[in-house]
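Open the structure in your viewer and keep the selection panel ready. This tour goes from pocket to pocket.

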Amino acid sequence: MKWIITFFVAITFLAGLAVAKPAADTRPNIVYLMADDQNVSSVGCYGNPEVVTPNMDKLGNDGVIFDRHYNTTAICMASRANVFTGMYEYKTGTNFDHGNMKPEVWAKSYPVLLRQAGYLTAFAGKFGFVVTGKDLCESDFDFWGGGPGQTTYATARNKSMAKYAKDYPHATRSYGAFGQDVIRESVQQGKPFCLSISFKAPHRPVTPDPEYDHIYAGKTFTKPANYGRQASEHFSEQSKQGRQYPRFESWDYDTDYDGVMALYYQQIYAIDVAVGMIREELESQGVAGNTVIIYTSDNGFLCGAHGYGSKVLPIEESARAPLMIYDPRSPSAEKKLRSGALTGNIDFAPTILELAGLPQPANMDGVSLLPLLSNPSTDVREQLAFMNVWGSNPTKSLTVLTKAWKYSYWWYGDDKMKPTEELFHLKKDPLEMTNLASNPEAGPMLEAMRKNYETELAHWKDQAVAYN
């Protein structure tokens with residue numbers, strides 16, 4: 001009889017263990033992919049039939065394509081700080097010539113918060129800034145393929161990625177291979193993962209993967225309707241004082257547009273291949289149905305629009321960037337939907353945190369974009385700020401955006417130029433060909449946008465960090 005009682009006690013104990021076994025972690029995996037200097041017109045699903053981007057197009061058609069997405073500071077160091085922290089530049093204090101990120105700011109970044117919450121975190125590519133007291137942030141990730149500064153297109157020269165150099169000597173596809181490894185390892189460990197990749201492409205120096213020399217060989221491209229210097233006569237003199245204006249000529253947009261754009265698009269094609277590699281691995285490992293993919297760029301690129309090159313300025317081709325988000329669990333999935341909502345790079349951290357089931361810290365300026373996946377026709381904000389406080393003094397400005405309007409104030413003045421206002425009706429004039437700031441008929445809207453500007457400036461004055 002005693003052995004029967006002992007048997008039932010043991011069975012009850014083991015049953016209790018079975019009941020107490022932790023449930024599988026069903027939180028979604030998150031993949032955040034970011035190009036460097038990729039503009040909207042370089043992606044087929046944004047309306048350019050001359051480019052070859054099948055994987056980006058499929059991602060956009062599977063998810064939601066965002067048509068009014070902006071980087072709130074259009075230069076790589078500041079933009080990356082915006083993305084990680086969900087804050088405007090005046091709160092991160094992080095940009096070229098200004099200073100590094102403080103550890104207490106980094107401590108509230110989405111990779112740190114997700115790792116604390118049990119996610120496996122991975123980063124590869126151009127990290128883009130320094131956190132004071134850290135050489136790199138390698139120790140804050142479970143998988144690391146990142147590098148300092150601009151990194152390089154030669155995989156072998158990127159220390160953390162050197163093991164991929166034999167199969168992928170050009171860096172762009174090596175990041176696709178890194179992503180595949182992270183997916184496999186995370187699935188084996190049975191934990192949700194957050195994979196963040198910051199491609200170097202198509203950032204200069206122009207170094208396309210020779211594997212794809214044939215893609216655009218001999219191709220010609222249609223110039224945009226706002227191409228060339230004649231399309232900038234109505235722009236502020238301040239905007240022509242930085243490096244962006246002479247780069248229209250020094251980077252050969254004026255004399256070899258087809259050749260320059262072919263190389264630019266070729267670099268983006270390699271990113272497209274890497275996107276395909278990552279999606280194939282998600283399918284192969286059986287986790288595609290529970291993985292959210294975000295694709296964007298740290299800023300746009302002017303590519304000869306209005307006779308400018310590079311980025312930084314509040315011109316649409318510089319400030320806007322592609323954004324596609326695919327959540328296979330969402331009612332918007334695979335319906336080829338678009339959103340005209342006003343979104344910014346400060347929204348990525350809040351979005352990723354909500355996906356992971358985590359609260360948004362009060363310090364963040366952005367908002368979650370998940371409501372737009374459920375209903376792409378709705379909005380998440382009425383206005384958004386865009387700023388530049390880097391580079392030559394004349395080019396520094398603050399811009400306020402609404403769904404239909406853009407207002408910029410160029411505050412620099414000297415004996416050659418006066419502070420200048422620009423007002424564009426983006427809904428009617430998306431190419432920014434008519435500055436309405438001096439048009440009496442636009443007077444009421446000018447006053448309204450000035451008030452919006454003052455609101456954003458007041459936030460800046462009130463919340464800016466005291467350092468950097």
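A pocket is defined on a 1 Å grid over the protein atoms alone: it is an open set of points where a 1.4 Å probe fits, with protein on both sides within 12 Å along at least five of seven lines, and its lining residues have an atom within 4 Å of a point. The model is predicted, so local features need pLDDT of at least 70 and side-chain atom pairs count only at pLDDT 80 or more, while totals for chains, interfaces and linings use all residues. Residues are numbered from 1 along each chain as its sequence is written, and side-chain values use heavy atoms, without hydrogens and water.

**Stop one: the second largest pocket**

Select Lys 58, Asp 62, Arg 279, Glu 280 and Glu 283. Of the 14 lining residues, these lie nearest the centre of the second largest pocket. Its volume is about 220 Å³, taken as the space filled by probe spheres set on the points, which are joined across faces, edges and corners.

Now colour helix H2 (54-62), helix H9 and strand S6 (291-297). Each supplies at least two lining residues here. H9 has the largest share, five residues. Helices (H or I, at least four residues) and strands (E, at least two) are DSSP runs, numbered from the N terminus.

**Stop two: the largest pocket**

Move on to the largest pocket, of about 510 Å³. Select Val 40, Ser 41, Pro 224, Glu 317 and Leu 431, the closest to its centre of 25 lining residues. Then show H9 (257-284) and H10 (316-319), which each supply at least two residues of this lining. H9 gives the most, with three.
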